Amino acid sequence: MADWPYENRSGKRAEYTCDVLVLGGGLAGCHAAVAAAEAGRRVILVEKGAVIRSGSAGTGFDHWEMACTNPGCRITPEEMTEALVSEQDHYGNRIAHYIEAREGYDRLMDLEKIGGKVRDTGDEFAGAAFRDEKTKLLYAYDYTNRYTLRVWGSTFKPALLRRLKALDVTVLDRTEATALLYADREGRRQCTGAIGMEVRTGEIRVISAKATVLCMSRPARIWLFNADTPGLCEFRPFQSIGSGHAMAWRIGAEFTMMEKSVRGEFSAAGRSFPPYGTGNNHNTWYAATMVDSRGVEIPYVDRDGRELKSVDERYRPAPGQKFFLKGGVIDEPKYEWRGPETLPFDELIRRGYRLPFYADLSRMPDAERRVIWGLMVGEEGKTKIPILKNYTDRGFDPQKHVLQSYGTGWQSAAFLDQERQLFGAPGGLMHDWDLKTNIDGLYAAGDQLYASDCAGFACATGHYAGRKAADAALQLEEVCPDPAQVENEVNRLLAPLDVRRGMDWREVNMACAKAMQNYCGGIRCDDLLHQGLDLIQSLRTEALHEVSAHNPHELMRIHEVSDILDVCELIYRACLARACSCAPLFFERSDSREEMRTQEDGFLTLSNWDGEIRTRMIPHDYAGDLVTSYTERNRDYMRSREGQV
Amino acid sequence: MKATYEAVFVGSSVMPVHFDTEKCIGCHRCANACQTDILLPIDGKGKPPTVMYPGECWYCGACVMECPTGAISLSHPLMNRARFINADSLGK
């Protein structure tokens, strides 16, 4: 035991006011803050870690998807959005994907202006099939249609931090946002700011804002937890656990698709390996050459089963196919958009291929090898040091070595059905064309939205939400924080400091994960869901009060577990609300009420209105015509971008 | 009453980061870049920070990227060290 190295400001309060408050300082939050500040608003950005490297893409990301307005792209934003949403059986986010497809490339150009690297200025890949020699842009996946760009994402967060400082944005690092402030007036609820705690000193921060943008990623540590290595148990950052979802749920914000979860794909606390750190041919590693244990190359085939002879063909649509889909949320696409892929596992075994398989970059053309091992693995999140440097230090040479793949799938993972994750475009906040929630003054972006995607999605929706919040701040009044709301929250936050020799936060997180696996696993039914909900509520009312903290760091972890319990309740409520199994949502019931199927074909939303659970169905096509709806609401933005390339 | 804070080491079976004490200048830039805030400057400026919560590391490498002297190494848990072999040895 040692003295705490930071000042003790427990119980002390600091008050702030601003026009636009942004919660979460990852890519979405930084873009929201930049957009609002560029519009002339006073902006505060709150980040639990440190903005320089926070968020899912803090240490990098390698490919920017759906950049449909880049000069080389042959797919329109409308085509791309409809393809993606159709691929997701219409449980996709048409509004947000359209913003991503329509404005994503604008954000890349902005990033380049502030020091981000988005093209091959050093001519490292001159002459490569994936490079446009004039613009020096590098493409991934579909080299013919060129909608995905390879980028040097590790340069982005430091550049954004410099930009925030230049714009006089107040950045509150090491501050966890814990509750949204609100006021009820004339039958409507308005978000009026937020409360948070500095996680080193324990200082309470009360921030009044006219408009607030939630950019706090998505829930995690729901079904998956490991008390020994909790930092490894999920794919997204350890500190991103869905506090934004929990805070919004507590004040009545409307969610959708929270009944969706998938069998786990990544958890390096046991079931899988460091992301991008095993031999595979997906995503960052597409389209690596794969071999079996005899060294026999595994064939790539197009959607019609035609064996591809060259590496270049792996990056081209099939004869008669306009374009194919690859990327973060695309796993096994429908025939229309299915791209080149290695033969299915069963077929490989039938043909006598032998496990284990390996990625063999040594057989690839030089530029393709270097762009996978060096740019993609190197710029993708958590690869520059953990994979590229670490493996190189261990002696890995992509010209000589093959990297093992484990099991039968590309994730090198082995999960049980009840070990689930919010992954592959999961649920989140319902929103309108302004990325506004049902609460006035409350906007959302990035993984906080339902059916979110990757980094380009975060940047595009962040900027868009920041613009809309900036507009709203001109109309909304500043409201003084409600003293009762502040008092209740301060008491809640600091209570574990008064518990002596209590439970460890990890014990509650583990109990919660087990409760989710037992009562909300792969197959659900009303009886189990009700029992699970009761158990989660008893963890909140009983166990949580027995947890103790020695310092603000431990307090933060307890606050996270409290939020995880809220998210669990939200998930249970969402599962109970959907009566019928729904394959696109990976939602299976043993007591599915088939007569409800047609009535449930849409976005089922729910909100918690001071204890009353409200639900409604919203049709899949609620966004209307994309071009018309977007244009009506973004004429100023479109004018501002005219003439910019 | 104002609570008293204490720094209590929370052990784990793993130790994700190691400091080369010859190279470390104790600037604590790593601690301020660490997203999970597991590096605490217990011994003050000029000394490496203490890895107070090793189990909470999410292995992003931000500390290594931020270190001005190359004093930090990150290593994966033993179970996560994926295997690679010489391409020439396949089938032999």
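Which side chain meets Arg188(A) in a salt bridge? Asp440(A) does, with N and O 2.7 Å apart. (A salt bridge here puts a side-chain nitrogen of Lys or Arg within 4 Å of a carboxyl oxygen of Asp or Glu.) The two partners come from distant parts of the chain, 252 residues apart. Arg188(A) sits in strand 9 (residues 188–198) of chain A, while Asp440(A) is in the loop between strand 19 (428–429) and strand 20 (442–444). Over all chains, the structure holds 69 salt bridges.

Before going on, a word on the ground rules. This is a predicted model, where local features need pLDDT of at least 70 and side-chain atom pairs count only at pLDDT 80 or more, while totals for chains, interfaces and linings use all residues. Residues are numbered from 1 along each chain as its sequence is written, chains are lettered from A and ligands numbered from 1 in the order in which they are written, and side-chain values use heavy atoms, with hydrogens and water left out.

Now for the layout of chain A. An automatic or database domain assignment sets the domain bounds. In chain A, domain 1 is 274–292 + 300–313 + 338–412, and domain 2 is 495–618. The C-alpha centres of these two domains of chain A are 37 Å apart.

Next, the strands. Helices (H or I, at least four residues) and strands (E, at least two) are DSSP runs, numbered from the N terminus, and two strands pair if DSSP finds at least two bridges between them. Strands of a sheet pair through backbone hydrogen bonds, either parallel or antiparallel.

Strand 2 (residues 13–23) of chain A runs parallel to strand 10 (residues 204–214) of chain A, with 10 bridges between them; Val22(A) has Val213(A) in strand 10 as its bridge partner. Strand 2 of chain A also pairs with strand 3 (residues 43–46) of chain A, again parallel, through four bridges.

For the antiparallel sense, look at the open sheet of three strands in chain A, ordered 4-6-5. Strand 4 (63–64) and strand 5 (138–140) are its edge strands, each pairing on one side only. Strand 4 of chain A is held to strand 6 (residues 148–150) of chain A by two bridges, and His63(A) has Arg150(A) as its bridge partner.

Another open sheet in chain A has four strands in the order 19-11-23-24, also with antiparallel pairing. Here the edges are strand 19 and strand 24 (612–618). Strand 23 (residues 603–609) and strand 24 of chain A share seven bridges, and Leu606(A) is opposite Thr615(A).

What about its meeting with chain B? The size of an interface is often given as the accessible area lost when the parts come together. Chain A and chain B bury about 5,200 Å² between them, 57% of it on carbon and sulfur atoms. (Buried area is the accessible area, with a 1.4 Å probe, that two parts lose on being put together, summed over both.) On the chain B side, Tyr5(B), Trp58(B) and Phe84(B) lose the most area to chain A, together 18% of what that side buries. The contact (heavy atoms within 4.5 Å) takes in 77 residues from chain A and 50 residues from chain B.

One forms between Arg174(A) and Asp37(B), whose closest N and O atoms are 3.7 Å apart.

Arg174(A) lies in the loop between strand 7 (170–172) and strand 8 (175–185) of chain A, and has a positive phi of about 55° although it is not a glycine. Most residues other than glycine have a negative phi, and most peptide bonds are trans. Chain A has cis bonds to show as well: the peptide bond from Tyr286(A) to Ala287(A) is cis, with omega near -5°, and so is the one from Leu355(A) to Pro356(A), with omega near -5°. Ala287(A) is in the loop between strand 12 (262–263) and strand 13 (290–291) of chain A, whereas Pro356(A) is in the loop between helix 6 (345–350) and strand 16 (358–359) of chain A.
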